[in-house]
Amino acid sequence: MTDSATKAARISLEGEMTIFQAATLKDQLLDALSAGDALEVDLSHVIELDTAGVQLMLMLQREAHETNRELRWTGHSHAVLHVLRLLGLDSELGEAVSIVGA
């Protein structure tokens, strides 16, 4: 993802987004967010998501808002959509969401 008006980055997550990867993923996501004005996170290769993974998504969304950066979740895998729907967060963390800090 590139845009001449903003410095944008793109990251693709693969495998599991669970409690076992939470610490590593947190650092990876925060580093990616701080690298530019905008971040797109591709979730198409995520095969498992638990509440720790959802907490990471919410944390990153809050950080994007607080630092006035754009954050987009894209390519939601079936596993991601299933968990977000179960938790009633599909409208907040779903595909069409683009969070821009105030």
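The chain has four helices and four strands, where helices (H or I, at least four residues) and strands (E, at least two) are DSSP runs numbered from the N terminus, and read along the sequence these elements follow the pattern β-α-β-α-β-α-α-β. Residues are numbered from 1 along each chain as its sequence is written, and side-chain values use heavy atoms, with hydrogens and water left out.

Let me turn to confidence. With pLDDT being the predictor's confidence in each residue, from 0 to 100, the chain averages 88, and 86% of the residues score at least 70. Confidence is highest in strand β2, residues 38-49, at a mean of 97, and lowest in strand β4, residues 98-100, at 43. Over residues 97-102 the pLDDT stays under 50, and for this stretch the model has 22 contacts beyond four places in sequence, a contact meaning heavy atoms within 4.5 Å. Where pLDDT is low, the predicted coordinates should not be read in detail.

Now the strand pairing, where two strands pair if DSSP finds at least two bridges between them. Strands β1 and β2 pair in the parallel sense over nine bridges, and within that pairing G15 stands opposite V46 in β2, while I11 has V41 of β2 as its bridge partner. V41 in turn has W73 as its bridge partner in β3. The pairing of β2 with β3 is also parallel, over five bridges, and here D42 stands opposite T74 in β3. The chain crosses from β2 through α2 to β3, and this β-α-β crossover is right-handed, which is to say that, with the strands pointing away from the viewer, the path from the first strand over the helix to the second runs clockwise. Strands β1 and β2, together with α1, likewise make a right-handed β-α-β unit.

On to the interior. Of the 102 residues in the chain, 41% are buried, taking buried as under 20% relative accessible area, exposed as over 50%, and partly exposed as in between, with a 1.4 Å probe and protein chains only. In soluble globular proteins, nonpolar side chains tend to be buried together.

What does L39 touch, if residues up to four places away in sequence are not counted? The list is A9, R10, I11, L29, A32, L33, L60, E70, L71 and R72. For the chain as a whole, residues 24 or more positions apart account for 77% of the contacts with a separation of 6 or more.

Three further residues deserve a look. S77 has its place in the loop between β3 and α3, and it is buried because its relative accessible area is 9%; leaving out residues up to four places away in sequence, S77 touches L43, S44 and V46. N68, in the loop between α2 and β3, has a positive phi of about 55 degrees although it is not a glycine. Most residues other than glycine have a negative phi, and most peptide bonds are trans. With a relative accessible area of 49%, N68 is partly exposed.

Is K26, finally, buried or partly exposed? This residue of helix α1 counts as partly exposed, because its relative accessibility is 39%. Leaving aside neighbours within four places in sequence, K26 is in contact with L56 and M59, and K26 and L60, 34 residues apart in sequence, are 8.3 Å apart in space, C-alpha to C-alpha.

Key. Predicted model: local features only at pLDDT ≥ 70, side-chain atom pairs only at ≥ 80, totals over all residues.
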